[in-house]
Structures are given as structure tokens and as C-alpha cells.
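Subject: Structure handover

Hello,

Here is the structure you asked to take over. My notes follow below it.

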Amino acid sequence: MCVLGTSHGGYSALVSAIRWRDRFRCAVSVSGVTDRMLIFTASDSATTQAGRDGLIRWMGDSRCTEAALRAASPLYQMDKLTTPVMFVHGRHDVRVDFEHACRLVRTLNIDRRTPVVQAFTDKVHDIADHKAQALAWNGIASFLQKHLGVISTPAAAAAPAL
């Protein structure tokens, strides 16, 4: 099984792969948070008081709980991230800055655990246009195929040949 998520779900996918290393064959993070401290300085959510209040509710207060935020960040747990990982991210993402993917990719590369990266030069947080979505999902499908292999289902086995 593989775990995949977008935005906070991308963060959750990485955390799941860290916590349950033997459960997942791969993880895909689409525009996911990798450093819970960075979200307070590199996100449009942090530019208003209401946005910061929301981040504090979701992530914790960066002024009071830095150690806890780091402990819960995939970037600082990368030694436990042994599952193959794919990152899909827009370079112009202002919600979850592209730097999130870059930092974890750099540390994994240094450790010779090269992740797959699909970066969209002109895209933001939600990769909305159909061409980019098709590219992203085709890349994800290839990654899943590599790590999950061919999956045979009873319905597929019973389907008549055309």
C-alpha cells in the first residue's frame, strides 16, 4: 500500500511513512508541509493575524513549542523516512512554499535516498489546470507502478478480452 496526500495531507503522508515504516511501500506528498516551523515564515497563511491564529491551532505556537514543531516535522525525522518518496509541488506555491520540498529533497539526497520530484515551474499550491493535473497524475501513477507493481483484482481477472 502507498500513502498519498495533498497540502496537509502531503504532510500526513510523510508522517505516516515515518511512523509506520513497514506498512507503506511508498509515499507521495503533493504540496506538502515538511517543516512545521517554516510554515510560519514562508506561507501566505502567516501574513494575517487570522491566518497565524489558524496555523497556531493546526500546528502549535512557533514561539512556544519550537522543539515540538521540529519533532513533528518530516524534515527533522528524515532518518526514519526509509520509504521511497515522491514530491509534487508548484514552484510558485505561496501557501506551502516550494522550499518545503527542496529542504527534504536535499537532506534525502545527501543521505543517498534520492526521492522522485515533479516540480511545476509556473504552478501554485493547487495544480488546477488539466494539462498539469494529467502530468502530475501520470507521474504519480508511474511512481506507484514502480513501487506497488501490477495489482490484480478479481474484477480485472474476470473481465473479457476485447
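Which backbone oxygen lies 2.7 Å from a polar atom of the side chain of Ser43? The backbone oxygen of Arg95 does. Polar contacts here are N or O pairs within 3.5 Å; within protein, one atom must be able to donate a hydrogen and the other to accept it, and residues adjacent in sequence count only if both atoms are side-chain atoms.

First, the ground rules. This is a predicted model, where local features need pLDDT of at least 70, side-chain atom pairs count only at pLDDT 80 or more, and totals for chains, interfaces and linings use all residues. Residues are numbered from 1 along each chain as its sequence is written, and side-chain values use heavy atoms, with hydrogens and water left out.

Ser43

Ser43 sits in the loop between β2 and α2 (49-59). Helices (H or I, at least four residues) and strands (E, at least two) are DSSP runs, numbered from the N terminus. Ser43 is buried, at a relative accessible area of 8%. Buried means under 20% relative accessible area, exposed over 50%, and partly exposed in between (1.4 Å probe, protein chains only). Setting aside neighbours within four places in sequence, Ser43 is in contact (heavy atoms within 4.5 Å) with Val94 and Arg95.

The sheet

Four strands make an open sheet, in the order β1-β2-β3-β4, with parallel pairing. β1 and β4 (116-120) are at the edges with a single partner strand each, so one side of each has no neighbour in the sheet. From one strand to the next, the twist averages 5°. Strands count as paired if DSSP finds at least two bridges between them.

Now the pairs, one by one:
- β1 and β2 are parallel and share five bridges. Leu4 stands opposite Val28 in β2.
- β2 and β3 run parallel, joined by four bridges. Val30 has Val88 in β3 as its bridge partner.
- β3 and β4 run parallel, joined by five bridges. Met86 is opposite Val116 in β4.

β3 deserves a look. Six of its six residues are buried, so β3 is largely enclosed by the rest of the structure. Val85, Phe87 and His89 point one way from the strand. Met86, Val88 and Gly90 point the other way.

In β4, look at Gln118. Gln118 is buried at 18% relative accessibility. Its side chain reaches the backbone oxygen of Leu135 at 3.0 Å. Beyond neighbours within four places in sequence, the contacts of Gln118 include Met86, Phe87, Val88 and His89. Leu135, Ala136 and Gly139 are also among them.

The helices

Helix α1 (residues 8-19) has twelve residues. α1 lies across β1, β2 and β3, at about 155° to β1. α4 lies across β3 and β4, at about 150° to β3. Axes are lines fitted to C-alpha atoms, for helices over the stretch in contact, and angles run from 0 to 180 degrees between N-to-C directions.

The buried residues of α1 are Gly10, Tyr11, Ala13, Leu14, Val15, Ser16, Ala17 and Ile18. They pack against β1 (2-6), β2 (26-30), β3 (85-90) and α4 (99-110).

Tyr11 is one to open in the viewer. Tyr11 is buried at 6% relative accessibility. A polar contact of 2.7 Å joins its side chain to that of Arg36. Apart from neighbours within four places in sequence, Tyr11 is in contact with Ser29, Gly32, Val33, Arg36, Ala72 and Pro74. Tyr11 and Ser31 are 20 residues apart in sequence, and 8.5 Å apart C-alpha to C-alpha.

Backbone and cysteines

Most residues other than glycine have a negative phi. Ser31 has a positive phi, near 55°. Ser31 is in the loop between β2 and α2, and is buried at 0% relative accessibility. Ser7 also has a positive phi, about 60°. Ser7 lies in the loop between β1 and α1.

How many disulfides are there? The count is zero, a disulfide being a pair of cysteine sulfur atoms within 2.5 Å. Cys26 is buried at 0% relative accessibility. Cys102 is buried at 19%.

Best wishes

Technical notes. The expected span of a helix is 1.5 Å times one less than its number of residues.
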